[in-house]
Amino acid sequence: AWCGAAVPQWAYFLAWDEGSVQPQGSSAAAASGVDYRIVGDAKTEKKDKLSPVLLVGLPGARYEYMENLEALSVSGRRVIEVNFGGGVEGGGAAERAAQLASVCAALKVPSVHVVAHGLGYSTAMQFVQDGAVGVKSLSLISPYSAPSDLKLTAAAAVDPDKPINANTLATLLPTGSATARQTCVAESLASPSPA
């Protein structure tokens, strides 16, 4: 779960839930629904008049690779993570942005702080532009909108017409060590989607 590391002690005290929503007008690729995880306490968030953090990761990668950002929930905000329906072939940034909006609507979240990583950049930008959910702030981590934006060595390893797999995803995740990157990626990709 924690990219190969032991689960930190504080994680045992977090409120969390996982679910799935069916986005309106989604393509056949997203027919199975959009899985999400929400970490944190809605009551504390509401009492303190805070907005949750919405994490937008790489299309085709499960949200577990960003789970270290669940620690943001100790600020009193909930953290929402999404596995896009249809994965990397899920209809592009516009459909993935609609999937994010569907998750926010199902959770009755009127506004969020968006944190996007890598190829999640284009989805986050489309989500902001669509305006279906209020965006309080936007943070981009290693943003790129297409494999052509990557360094030449990384771009050569990625085929934009094929789903992301453990070999290509490892190239897209800037981490401190190759071992940590491989462990995190392998666990994320090996975990089956919840039914």
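**Nonpolar patch and open sheet**

Mentor: Met125, Val128, Val135, Leu138 and Leu140 make a nonpolar surface patch of about 320 Å². This is a predicted model, in which local features need pLDDT of at least 70, side-chain atom pairs count only at pLDDT 80 or more, and totals for chains, interfaces and linings use all residues. Residues are numbered from 1 along each chain as its sequence is written, and side-chain values use heavy atoms, with hydrogens and water left out.

Trainee: Which elements give two or more residues to the nonpolar patch?

Mentor: α3 and β6 do, and β6 gives the most, with three residues. Helices (H or I, at least four residues) and strands (E, at least two) are DSSP runs, numbered from the N terminus.

Trainee: Why is Val128 called partly exposed?

Mentor: Partly exposed lies between buried (under 20% relative accessible area) and exposed (over 50%), with a 1.4 Å probe and protein chains only. Val128 has 34%, so it is partly exposed. Val128 is found in helix α3.

Trainee: What makes β1 and β6 edge strands?

Mentor: The open sheet has six strands in the order β1-β2-β4-β3-β5-β6, with mixed pairing. β1 (16-21) and β6 (134-141) each have a single partner strand, so one side of each is left without a neighbour in the sheet.

Trainee: How do you know that β3 and β4 pair?

Mentor: Two strands pair if DSSP finds at least two bridges between them. Leu55 stands opposite Glu81 in β4.

Technical notes. Patch = residues over 30% accessible without salt bridge, like charges linked within 9 Å, V, L, I, M, F, W, Y side chains within 5 Å. Areas by Shrake-Rupley, 256 points an atom, 1.4 Å probe, with all protein chains shown as cover. Salt bridge = Lys/Arg side-chain N within 4 Å of Asp/Glu carboxyl O.
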